[in-house]
Amino acid sequence: MSLGAGTVKTYITPKPFTPQNFKPHPAKETLLIISETVRFALKNLGYSVAEAPGYDPEIIRQIQAEGEVISDFLAKVLRARRTADRDELKKLTDTLKEQVSAVLAAAEQLKAIAANTGKPEWVNVYLQTVVTNLAEVEAHVKRLP
């Protein structure tokens, strides 16, 4: 095809690439660390009740009840990570700061369960790891803006 008389062929020149100065909200990285730490704690909590010979079913229920508190906290952390609105993020991080005490109470319960029951030693190791992870979560939550 040829251009008609008086028609000028034009080209669109793309702009050169300019790197963007992306600065995420400071809480997002902390929330990622918190979520991974809580997930690791829940994984170890699951290992502590898996295939436990000679376990008292009541102890298993107690451990699972504390796991529900921790799972609920994780759900709130993940919700805060997904939000794009900075005002809502601030509200959610404030809520997490208030609810970390429930997670610490769950950690204390798990510590008591580990100390007061006659379980195999590997179960106590898992429970102590969960308690340590939840203490780390508290330290990270304190750093949230």
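The questions below concern the helices of a predicted model and the terms used to describe their packing.

This is a predicted model, in which local features need pLDDT of at least 70, side-chain atom pairs count only at pLDDT 80 or more, and totals for chains, interfaces and linings use all residues. Residues are numbered from 1 along each chain as its sequence is written, and side-chain values use heavy atoms, with hydrogens and water left out.

Q: What makes up the order of elements in the protein chain?
A: From the N terminus on, the elements run α-α-α-α. The protein chain has four helices and zero strands, where helices (H or I, at least four residues) and strands (E, at least two) are DSSP runs numbered from the N terminus.

Q: Why is helix 1 called roughly antiparallel to helix 4?
A: The axes of helix 1 (residues 26–49) and helix 4 (residues 121–142) cross at roughly 165 degrees and come within 8 Å. Axes are lines fitted to C-alpha atoms, for helices over the stretch in contact, and angles run from 0 to 180 degrees between N-to-C directions. Angles under 35 degrees count as roughly parallel, over 145 as roughly antiparallel, 65 to 115 as roughly perpendicular and the rest as oblique. Helix 1 is therefore roughly antiparallel to helix 4.

Q: What is the handedness of the crossing of helix 1 and helix 4?
A: The crossing is left-handed. That term applies if the near helix is turned anticlockwise from the far one by less than a right angle; clockwise gives right-handed.

Q: Which residues make the contact of helix 1 with helix 4, and how do they divide by class?
A: Contact means heavy atoms within 4.5 Å. Among those in helix 1 are Ile 33, Thr 37, Ala 41 and Leu 45, and the helix 4 side includes Val 130, Asn 133, Leu 134 and Val 137. The residues of this contact divide into 15 nonpolar, seven polar and one charged. Here Ala, Val, Leu, Ile, Met, Phe, Trp, Tyr, Cys and Pro count as nonpolar, Asp, Glu, Lys and Arg as charged, and the others, Gly among them, as polar.

Q: Why is Ala 41 called buried?
A: Buried means under 20% relative accessible area, exposed over 50%, and partly exposed in between (1.4 Å probe, protein chains only). Ala 41 has a relative accessible area of 1%, so the residue is buried. Ala 41 lies in helix 1 and, leaving aside neighbours within four places in sequence, is in contact with Val 130, Asn 133 and Leu 134. The C-alpha atoms of Ala 41 and Leu 134 are separated by 7.1 Å, although the two are 93 residues apart along the chain.

Q: What makes Thr 37 buried or exposed?
A: With a relative accessible area of 10%, Thr 37 falls on the buried side. Thr 37, also in helix 1, touches Asn 133, Glu 136 and Val 137, not counting residues up to four places away in sequence.

Q: How do helix 1 and helix 2 run relative to each other, and why?
A: Their axes come within 9 Å and cross at roughly 160 degrees, so helix 1 is roughly antiparallel to helix 2. This crossing is left-handed.
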